[in-house]
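Subject: Structure handover

Hello,

Here is the structure I promised to pass on. Please open it before you read further.

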Amino acid sequence: MRVLLLAAGAALVLALAAHGGTSGPTYYKDVAPILDAKCASCHHLGGIAPFPLVSAGDARAHAQGIVRMTKAGLMPPWMPGADSAQLVGRDKRRLTGDQLATLAAWAAAGAPAGNPADRRSKPVLDAGLGGPGRTITLAPTKAYRPHAAGGGLDDYHCFVLNPHLTQDTYVTGALIKPQRTGIVHHVILYDATGALAASADAMNAQHGGVGWTCFGGPNLPLDLSSAGSVDRLGQPPWIAAWVPGHTTNALPPGTGVLLHKGDRIVMQVHYNLIEAAGPDRSQAQLRLRPASAHLTPLQTHLIAAPVELPCPDGVTGPQCSRQQAFQDEVDKYGPENAYIPTALLRLCGKTLADYPQSVGAGTSIGTSCDRAVTAPETIYGVAGHMHLRGRDISVVLDPGTAKQQTLLHIPRWDFHWQDVYYLVHPVHVGPGDTIRVSCTFDNSKADQPVIGTKQLTPRYVLWGEGTTDEMCLGALAVADG
């Protein structure tokens, strides 16, 4: 009997060893498929998350945090509120009840690794471009070392990328890969077509082939009376953009951004130099289909609201003067970009009297702007953008009417988790409709942003190009008709 018991015990030990010493969930068999599919796109070396989650050791080191954050619904991040329109991808980003239970049981058992042979998944490092077509990769010819201008912490630099298009072509997906995620605030790809393509080449040649400083936009000539220019805030058409937290790379099926034969792409990279800056050579992968595919052409419309954030109550000094804030922007970004705060007041029909002159502790400051729809169009996607003082942003169709519909509401803004969201059911709009972007900010003394380990000194904050300035921006992916 003793021999039989010893034999049975040995078999049990071998069986448990094969499964990491437990009959419950193990990393390789049960947890890796969840983390690979839901977390690895951000949590990998070089990703935007602060630590990787692609190995058994990674997962074990953060097991309790994984359970805590997933149980609270904070991870994987899905920022839109429940009052937003039905958005593509929500279910893919959420964890099921069974997945949450698996993670909890695994962590409670000590986060066992199990047998590496049980792993049947690989980390999904990006959402891919998907669909038919060919993929090209574009990057500046040389690496660029960012440097701040005008005493600020920000460098906006534009690079010319040549896709060598021999025919009109649709872009159906764009995967932008910042090389230095610690300093890249955003990347925007602009379409320089016709005369603008020649201007982009000339600008690049004028600056020795390494691109040029471009606060506010690519700084190419533009006829502000051209169709759609106001909707783009005077900028050339957008092709794609990247911001921290961005994971949506493919456009909705059957749609694309139309580029023309001979076009150039101007890649604007915003570097925030809070951290040490080394050479950067960010790149973009584009999925292309010929114009003969007859896709629905998409374009980006921008709706910006003024930003006027006075100093907190009890804080005084020259930094609390709006005039000083304006002068700081002139020094950092140049006079043309510094006039944007005043231009936004006029564009949105507001004055300084619409904003408070001081702010109490914990008091939010709101702003908004309405855009009248002037022609029939279909809204396919929506995004919002603020900086470090942002708290809440929404994009609402026909506010205050019986037709009111919230396209996107992010009630707990986090600068590090931004994305574009596509509507499950695209929305048709036309003359008589209004789209409103609304933002709230916190500029109180106790809630000033922390840069590195230092909390910023309270000041008057305007719409500005720097990460420590602010923006309130809604972006719509739309098609005519």
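Below is what I found, taken topic by topic.

First, a caution. This is a predicted model.

**Helix 6 and its neighbours**

Start with helix 6, which spans residues 97-108.

Which residues make the contact? From helix 2 come Tyr-27, Asp-30, Val-31, Ile-34 and Lys-38. Helix 6 supplies Gln-99, Thr-102, Leu-103 and Trp-106. By class, the residues of this contact are 5 nonpolar, 2 polar and 2 charged.

On the helix 4 side, the residues in contact are Ala-63, Gln-64, Ile-66, Val-67, Thr-70 and Lys-71. They meet Leu-100, Leu-103, Ala-104, Trp-106 and Ala-107 of helix 6. This contact divides into 8 nonpolar, 2 polar and 1 charged.

Look at Leu-103 and Trp-106 on screen. Both touch helix 2, and both touch helix 4.

**Two backbone details**

Next, go to the loop between helix 4 and helix 5 (90-93), where Pro-76 sits. Is the peptide bond from Met-75 to Pro-76 cis or trans? It is cis, with omega near -10°.

The other detail is His-164. Its phi is near 55°. That is a positive value in a residue other than glycine. His-164 belongs to the loop between strand 2 (154-161) and strand 3 (169-177).

**The cavity**

How many cavities of 30 Å³ or more does the structure hold? The count is 1. The largest cavity has a volume of about 40 Å³.

Pro-77, Met-79 and Arg-93 are among them. Gly-245 is another. Trp-417, Gln-418, Asp-419 and Tyr-421 complete the lining. Sorted by class, the lining has 4 nonpolar, 2 polar and 2 charged residues.

Best wishes

Technical notes: Residues numbered from 1 in each chain as written. Predicted model: local features only at pLDDT ≥ 70, side-chain atom pairs only at ≥ 80, totals over all residues. Heavy atoms only, no water. Axes fitted to C-alpha atoms, helices over the stretch in contact; angles between N-to-C directions. Helix = DSSP H or I, 4+ residues; strand = E, 2+ residues; numbered from the N terminus. Contact = heavy atoms within 4.5 Å. Nonpolar A, V, L, I, M, F, W, Y, C, P; charged D, E, K, R; others polar. 1 Å grid on protein atoms, 1.4 Å probe; cavity = no way out; pocket = protein on both sides within 12 Å on 5 of 7 lines; lining within 4 Å. Points joined across faces, edges and corners; volume = space filled by probe spheres on them.
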